[in-house]
Amino acid sequence: MGHLTTHVLDTAHGCPAAGMAVTLQRVHAGQPVTLKQITLNADGRADGPLLNAAEMVAGTYRLLFAVAPYFRARGVTLAE
């Protein structure tokens, strides 16, 4: 079996989204439960699997990308 990972590209600046924070959650009984929090590497990728095959179970998962803090750190002015 495979694994779950992510790769984020910053198309506004034409580069990987290095340093972006990502949170993996599983929704259990209608409530999100945080499983892992990572920071993307210089290539905009997770350094390892967010979930490997042995950890995967049927259910609803979500990835939260900290987009606003990433762009603010790059000096982009964003509306609130």
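**Exercise 1. Determine how many aromatic pairs the structure holds and describe the geometry.**

*Solution.* The model is a predicted one, in which local features need pLDDT of at least 70 and side-chain atom pairs count only at pLDDT 80 or more, while totals for chains, interfaces and linings use all residues. Residues are numbered from 1 along each chain as its sequence is written, and side-chain values use heavy atoms, with hydrogens and water left out.

Step 1. The rule pairs rings of Phe, Tyr and Trp (its six-membered ring) if their centres lie within 6.5 Å; planes under 30 degrees apart are stacked, over 60 edge-to-face, and the rest tilted.

Step 2. The count by this rule is one aromatic pair. Its members are Y70 and F71, with 5.0 Å from centre to centre and 80° between the planes, and the arrangement is edge-to-face.

Step 3. Burial is judged by relative accessible area: buried is under 20%, exposed is over 50%, and partly exposed lies in between (1.4 Å probe, protein chains only). Y70 is buried at 7%, and F71 is buried at 17%.

Step 4. A contact requires heavy atoms within 4.5 Å. Apart from neighbours within four places in sequence, F71 is in contact with D10, A12, H13, V76 and L78.

**Exercise 2. Identify which residues make up the largest nonpolar core.**

*Solution.* Step 1. A nonpolar core is a set of buried Ala, Val, Leu, Ile, Met, Phe, Trp, Tyr and Cys residues joined through side-chain atoms within 4.5 Å.

Step 1. The largest such core has twelve residues: V8, A17, M20, V22, L24, I38, L40, A46, L50, L51, Y70 and F71. Two or more of these residues come from each of β3 (21-28) and α1 (67-73). Such elements are DSSP runs numbered from the N terminus, helices being H or I of at least four residues and strands E of at least two.

Step 2. In general, nonpolar side chains of soluble globular proteins tend to be buried together.

**Exercise 3. State in which order the strands of the open sheet lie, and how they pair.**

*Solution.* Step 1. Two strands pair if DSSP finds at least two bridges between them.

Step 1. The open sheet has three strands in the order β4-β3-β5, with antiparallel pairing. Its edge strands, β4 (31-39) and β5 (60-65), each pair on one side only.

Step 2. β3 and β4 form a hairpin with two residues between them. In that turn, A29 has a positive phi of about 55°, and A29 is exposed at 73% relative accessibility.

**Exercise 4. Find how many salt bridges the structure holds, and characterise each one.**

*Solution.* Step 1. A salt bridge places a side-chain nitrogen of Lys or Arg within 4 Å of a carboxyl oxygen of Asp or Glu. The structure holds three.

Step 1. D10 and R74 meet at 3.8 Å, N to O. This pair links distant parts of the chain, 64 residues apart: D10 is in strand β1 and R74 in the segment after α1. D10 is buried at 2%, whereas R74 is partly exposed at 40%.

Step 2. R45 and D43 meet at 2.7 Å, N to O. R45 is partly exposed at 37%, as is D43 at 36%.

Step 3. E80 and R72 have their closest N and O atoms 3.1 Å apart. E80 is exposed at 86%, while R72 is partly exposed at 38%.
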